[in-house]
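Work through the exercises below with the model open. Each task is followed by a stepwise solution.

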There are 2 protein chains.
Amino acid sequence: MYSTKCKKTGDFHLSDPQFQKLIQSFSSLPGIGKKSATRIGFHILRMDPTSFQSWLDNIEEAKTKLRFCNECGGLTEEPVCSICLSDRRENGILCVVEQPEDIFFIENTKEYSGKYHVLNGAISPLDGIGPEQLRIKQLMNRLDSGAINEVLIATNPTLEGDATASYLSTVIKPMEIKITRIAHGITIGGTLEYSDQYTLGKAIKSRLTL
Amino acid sequence: MYSTKCKKTGDFHLSDPQFQKLIQSFSSLPGIGKKSATRIGFHILRMDPTSFQSWLDNIEEAKTKLRFCNECGGLTEEPVCSICLSDRRENGILCVVEQPEDIFFIENTKEYSGKYHVLNGAISPLDGIGPEQLRIKQLMNRLDSGAINEVLIATNPTLEGDATASYLSTVIKPMEIKITRIAHGITIGGTLEYSDQYTLGKAIKSRLTL
């Protein structure tokens, strides 16, 4: 759309290389298409130089200071994160998630007070991601320490997430550690009508006695 | 969502100030909410340092090099843009738009080969934007030169865009310059059913003899 040479005038106004690079920078971010990137690009060009510089500095500073925890793989500014270091959290339970951001979502529920372990992905043979590409070795090392008595698997309810969960379950089982999986079912506030057949099926299979 | 202190553990993990600043940087951009900003934030943190640096450099370079044309107000790397300088475009017709990006959209149609004038907004008394806040004085100066014989008003079909169009029409009329407005009507490929009543009404009023 923005790289056409105008047939009438021969102008290359639409494909200004600097503007293209600006658009490209934003459309390379997840969830941003070309149209949004163009809007953001113009927003950046309209910013006064001081606000722009502090905007840029904030991003650069965060990128420099933030890192992933050596222990759990979650977000932190220190070598080991505050959750891993906390003595007010249950040490015996480890929640396994695919991505560092999943820790945010689970923390937000205020229903979990154990520790975490981030895999950095899920098993996906088609994308060439096997157990070796994930932080599974680090997980096994933590389990070997003997302090953990429950592993709560909170990978996503997708093909990859389920494959990862069943792989983990197979390798952890011999260690005699309790293995649990977060429940899948009808969304709170949702209706049966709008729930897909697989979720509804799963909710029936996992029914609870009241 | 990301600034709650966990009641159980007292951890401030969710409100890491660096991460908050990163999220804030992205959610301040148009069309990006907190959830998308979080996704983008993690994407940035996962980028390798070299790609991150070149990402940052591209944005900074574009911001430094790009500016708005002294003549028309459109996007350019030079003091005056290539459209204004082009001798292959009609000099007698000036298309008036609200924003520099509107030039992109009109150029893309390949139906216009005149020059442009960007107002940098539209008249909106509620937001304190009157004719003085827009590039209307510059427009009048260009019209005063006598080279222009048609002004095509392409402001948006909104309350503000229409108010601007009618204001421009009032001030330009005494200059004996032809004033036109882009047509509003049914979207190409659309159906009457899905066209709103105002657009359909306008399409009937502006009907053309075949």
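**Exercise 1.** How many residues of chain A are in contact with how many residues of chain B?

Solution. Take contact as heavy atoms within 4.5 Å. Then 65 residues of chain A touch 65 residues of chain B. This is a predicted model: local features need pLDDT of at least 70, side-chain atom pairs count only at pLDDT 80 or more, and totals for chains, interfaces and linings use all residues. Residues are numbered from 1 along each chain as its sequence is written, chains are lettered from A and ligands numbered from 1 in the order written, and side-chain values use heavy atoms, with hydrogens and water left out.

**Exercise 2.** State the area that chain A and chain B bury between them.

Solution. Buried area is the accessible area (1.4 Å probe) that two parts lose on being put together, summed over both. The value is about 6700 Å². Carbon and sulfur atoms hold 65% of it.

**Exercise 3.** Find the salt bridges between chain A and chain B, then locate the elements on the chain A side.

Solution. Step one: apply the rule (a side-chain nitrogen of Lys or Arg within 4 Å of a carboxyl oxygen of Asp or Glu). The count is 4. One of them joins A:Lys21 to B:Glu61, with the closest N and O atoms 3.0 Å apart.

Step two: list the elements of chain A that give two or more residues to the side touching chain B. They are helix 1 (17-27), helix 2 (34-46), helix 3 (49-65), helix 4 (82-85) and helix 5 (100-109). Helices here are DSSP runs (H or I, at least four residues), numbered from the N terminus. Helix 3 of chain A gives the largest share, 11 residues.
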